[in-house]
Amino acid sequence: MCGTDLHLHEGGFFAAFPLTPGHESTGTVREVGAGVTHLVPGRRVAVDNASACGRCPECSRGNHLFCEHFLSLGVNAPGGFAESLLSPAHKVYPADDLPAEVAVLAEPLACAVHGMDVLALRPGADVLVVGAGTTGLLLSQLLLHGGAGRVTVAAPTPFKLELADAYGVDRVVRVTRDAAETARTLAALQPGGFDVTVDVTGAASVVATLPDLTATNGTVFVYGMCDEDARIPLSPYDVFRRQLTVKGRSRRSTAWTARSRCCAPGGCARKGS
Ligand SMILES: [Zn+2]
Ligand SMILES: [Zn+2]
């Protein structure tokens, strides 16, 4: 279960009820349909829960992630919180070499891989990640292995910071759940700001503090999902004068081959929380 499930429970993020949730699924193959040759019953697999129609205007422009008929198991179709799950065969990937507790991270890792694609990190960038849940820890590891010069992770929970430290991030900072106080702590730590500031908390109060923590010509990356009706004050003058970039990340990578290499033993991302 992840934070998205809570948004879905409250009807957000195109949830369709009645719904069996569970968008991060792993298991063993029970049966395969006619013509399926890459899977056999009993094989451990990870499931890519999302499918695009391939025909709508967004799909025809190559924007499959924004398909108008996006099918997402556990979001608008029955998901994996069940004894059995029905999935298109081409969305099911062998994961024989991974224990279940690692294979289940394939979906959140695919989100983080997509985040890296969207961010297009400049080599050597000084990055701040606020939030150290599973997603924050996965993304931090990809940032470390994807060219960041320094990765700082800020979060309130000590054991999550210990994990971040164990995964090799350069600096961990314990902060409170008070966004303004957190911002003061981080500003004092780095008066010139960070090249990239990333919100993984999904708290609009945190996102609101990021522009001031971002260095000139830097990027604010809205990775976590905030409430749909949340709004933040933003100074257009500051964005203009200091040439800031604000990026969002919705959906996730369809590059599950890259994802499985990251999950594999010796790969860059390992179990979060
Ligand atoms: Zn999730
Ligand atoms: Zn489509």
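This is a predicted model: local features need pLDDT of at least 70, side-chain atom pairs count only at pLDDT 80 or more; totals for chains, interfaces and linings use all residues.
Figure 1. The SG atom of C53 coordinates the zinc ion (ligand 2), together with the SG atoms of C56, C59 and C67, at 2.3 to 2.4 Å. Along the chain, the spacing of these donor residues is C-x2-C-x2-C-x7-C. The 4 donor atoms make angles of 102 to 119° with one another, and the site of the zinc ion (ligand 2) is tetrahedral. For comparison, ideal angles for four tetrahedral donors are 109.5 degrees.

**Figure 2. Zinc ion (ligand 1) with its cysteine, histidine and glutamate donors.** The zinc ion (ligand 1) is coordinated by SG of C2, NE2 of H23 and OE of E24, at 2.0 to 2.2 Å. In sequence, the donors are arranged as C-x20-H-E. Water is not among the atoms, so a site may look incomplete. H23 counts as buried because its relative accessibility is 5%, under the 20% limit. E24 falls in the buried class as well, with a relative accessibility of 18%.

Figure 3. D5 belongs to helix α1, which spans residues 3-9. With 7% relative accessibility, D5 counts as buried. Leaving aside residues up to four places away in sequence, D5 touches P21, G22, H23 and F81.

Figure 4. M1, L6 and F81 make a nonpolar surface patch of about 350 Å². Of these residues, L6 lies in helix α1. L6 has a relative accessible area of 48% and is partly exposed; patch residues need over 30%, so L6 passes that cut-off. F81 from this patch is also among the residues touched by D5.

Figure 5. The peptide bond between F17 and P18 is cis, with omega of about -5°. P18 is located in the loop between helix α1 and strand β1, the strand covering residues 25-28. F13 is found in the loop between α1 and β1. The phi of F13 is positive, about 55°, although F13 is not a glycine. Most residues other than glycine have a negative phi, and most peptide bonds are trans. F13 is partly exposed, with 28% relative accessible area.

Figure 6. D117 sits in helix α4, which runs over residues 106-119. The relative accessible area of D117 is 52%, so this residue is classed as exposed, the threshold being over 50%. D117 and R252 are 135 residues apart along the chain, and their C-alpha atoms are separated by 9.6 Å. A120 lies in the loop between α4 and β6, a strand of residues 126-130. A120 has a phi near 50°, which is positive in a residue other than glycine. At 53% relative accessible area, A120 is exposed.

Definitions and conventions
Residues are numbered from 1 along each chain as its sequence is written. Chains are lettered from A and ligands numbered from 1 in the order in which they are written. Side-chain values use heavy atoms; hydrogens and water are left out. Patches are made of residues with over 30% relative accessible area and no salt bridge: like charges are joined within 9 Å, nonpolar side chains (Val, Leu, Ile, Met, Phe, Trp, Tyr) within 5 Å. Accessible areas come from the Shrake-Rupley method with a 1.4 Å probe; for residues, only the protein chains shown count as cover. A salt bridge is a side-chain nitrogen of Lys or Arg within 4 Å of a carboxyl oxygen of Asp or Glu. Helices (H or I, at least four residues) and strands (E, at least two) are DSSP runs, numbered from the N terminus. Buried means under 20% relative accessible area, exposed over 50%, partly exposed in between (1.4 Å probe, protein chains only). Donors are N, O and S atoms within 2.8 Å of the metal (3.2 Å for Na, K and Ca); water is not among the atoms, so sites may look incomplete. Four donors count as tetrahedral if all angles lie between 85 and 135 degrees; four count as square planar and six as octahedral if opposite donors are over 155 degrees apart and all others between 65 and 115; anything else is irregular. Contact means heavy atoms within 4.5 Å.
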